[in-house]
Amino acid sequence: MRHPATMPGAGDECTWPAFAMLPCDPRAPATSEELSDAMEVCSELRLWLRVADAAIVRSDMIGFRAAMQTAQRYLSGMAF
């Protein structure tokens, strides 16, 4: 019988659940620069879509157009 000090515990790697692509999981592969850039583009677009959506809620068509034009200019400068 093994001594309790040598048995795997809660922090030991062999007791971890199956890999689930969680951001802080040390088994997660490093994010490539291309993927990181794509995530930043999506984040920026979500920002401008939220601004446009808020303008619609306020019935502010000028604000809506401005937000959508900004998003369009942002996308037009991209090379995919």
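These legends walk through a few close-up views of a predicted model.

The model is predicted, so local features need pLDDT of at least 70 and side-chain atom pairs count only at pLDDT 80 or more, while totals for chains, interfaces and linings use all residues. Residues are numbered from 1 along each chain as its sequence is written, and side-chain values use heavy atoms, with hydrogens and water left out.

View 1. Helices here are DSSP runs of H or I with at least four residues, strands are E runs of at least two, and both are numbered from the N terminus. Of the 80 residues, 10% count as buried (under 20% relative accessible area; exposed is over 50% and partly exposed is in between, with a 1.4 Å probe and protein chains only). The accessible surface comes to about 6800 Å², and carbon and sulfur atoms hold 63% of that (Shrake-Rupley method, 1.4 Å probe).

**View 2. Helix α1 (residues 33-57) packs with helix α2 (residues 61-76).** Their angle is about 165° and their axes are 7 Å apart (axes are lines fitted to C-alpha atoms over the stretch in contact, and angles run from 0 to 180 degrees between N-to-C directions). That makes α1 roughly antiparallel to α2, a label for angles over 145 degrees.

**View 3. Here is where α1 and α2 meet.** Contact means heavy atoms within 4.5 Å. From α1, the residues include Leu45, Trp48 and Leu49, and from α2 they include Phe64, Met68 and Tyr74. By class, this contact has 14 nonpolar, two polar and two charged residues (Ala, Val, Leu, Ile, Met, Phe, Trp, Tyr, Cys and Pro are nonpolar, Asp, Glu, Lys and Arg are charged, and the others, Gly among them, are polar).

**View 4. Ser59 sits in the loop between α1 and α2.** Its phi is near 60°, a positive value in a residue other than glycine. Ser59 counts as exposed, at 62% relative accessibility.

**View 5. Gln72 is part of helix α2.** With a relative accessible area of 55%, Gln72 is exposed. Gln72 and Leu45 are 27 residues apart in sequence and 9.1 Å apart in space, C-alpha to C-alpha.

Technical notes
Parallel < 35°, antiparallel > 145°, perpendicular 65-115°, else oblique.
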